[in-house]
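Please keep the sequence and the coordinates at hand while reading.

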Amino acid sequence: MRVNIMSIEELYDRTYIKELFDRVSVLGDKKDFHAQVQLFTENAVSESYAGGKQILKLEGRTEMEKGFKIFLSKIETVYHFNGQQIVDLDGDAAHGTCYCLITLIGNDGGQKTRTTIGAIYKDDYVRENSQWLIAKRRGIFDWQEKHNV
């Protein structure tokens, strides 16, 4: 078995990218979309898929901020629980996959509902001005359950 010893720089980059991923989730949970999109590159792309089909594609911070706000406008509470993450580094670029459990609390026709989504995020990261940002995000909503609460 080969042991791969990481450099301090690689450990730093992996930690920074994990924090970036979590910070994007926390800002989404707070519905602070303006701050959230600042963690993406200026011309970033965000794509969402459900049932194997693309359901949303947003390009650039302005469009992403507006789209995220509309998407969550009828949701009262959002929680992202981020799980395992794998990141492949390549200089000032990186690619990562992270599993996430998303809980949405909303109101459907006067009935409070809880939707749970199993999501897989596939991100492309770039380092710009010594800071890691998301250049492209593909959110794959693998499954979901909706219940009245």
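This is a predicted model: local features need pLDDT of at least 70, side-chain atom pairs count only at pLDDT 80 or more; totals for chains, interfaces and linings use all residues.

Asp 22 forms a salt bridge with Lys 18, and the closest N and O atoms of the pair are 3.1 Å apart. Lys 18 is likewise partly exposed, at a relative accessible area of 27%. Both residues belong to helix 1, where they stand four residues apart, about one turn of the helix. An α-helix has 3.6 residues a turn, so residues three or four places apart point the same way.

Just after helix 1, Lys 31 adopts a positive phi of about 60°.

Asp 13 counts as buried because its relative accessibility is 8%. The side chain of Asp 13 meets that of Arg 127 in a salt bridge, at 2.9 Å from N to O. Since Asp 13 lies in helix 1 and Arg 127 in strand 5, the pair ties together parts that are 114 residues apart in sequence. Arg 127, at a relative accessible area of 26%, is partly exposed. Asp 13 and Arg 127 are also linked with Asp 92 in a network of salt bridges.

Glu 76 pairs with Lys 112, with 2.9 Å between the closest N and O atoms. This pair links distant parts of the chain, as Glu 76 lies in strand 3 and Lys 112 in strand 5, 36 residues apart. Both partners are partly exposed, Glu 76 with a relative accessible area of 42% and Lys 112 with 38%. The structure holds 12 salt bridges.

The interior comes next. In soluble globular proteins, nonpolar side chains tend to be buried together. The largest nonpolar core here has 29 residues, of which Leu 20, Met 64, Ile 102, Leu 104, Ala 119, Tyr 121 and Tyr 125 touch the most other members. Among the elements that each supply at least two residues of this core are helix 1, helix 3 (61–71), strand 4 and strand 6. Ile 102 is in contact with residues beyond four places in sequence that include Tyr 79, His 80, Ala 119, Tyr 121 and Phe 141.

Thr 115 is also in contact with Ile 102. Thr 115 lies in strand 5 and counts as buried, because its relative accessibility is 11%. Beyond four places in sequence, Thr 115 touches Ile 102, Thr 103, Leu 104, Gln 144, Glu 145 and Lys 146.

Which residues form a nonpolar patch on the surface? They are Tyr 79, Phe 81, Leu 101 and Trp 143, with about 410 Å² of accessible area together. Phe 81, in strand 3, is partly exposed at a relative accessible area of 47%.

Note on methods:
Residues are numbered from 1 along each chain as its sequence is written. Side-chain values use heavy atoms; hydrogens and water are left out. A nonpolar core is a set of buried Ala, Val, Leu, Ile, Met, Phe, Trp, Tyr and Cys residues joined through side-chain atoms within 4.5 Å. Buried means under 20% relative accessible area, exposed over 50%, partly exposed in between (1.4 Å probe, protein chains only). Contact means heavy atoms within 4.5 Å. Patches are made of residues with over 30% relative accessible area and no salt bridge: like charges are joined within 9 Å, nonpolar side chains (Val, Leu, Ile, Met, Phe, Trp, Tyr) within 5 Å. Accessible areas come from the Shrake-Rupley method with a 1.4 Å probe; for residues, only the protein chains shown count as cover. A salt bridge is a side-chain nitrogen of Lys or Arg within 4 Å of a carboxyl oxygen of Asp or Glu.
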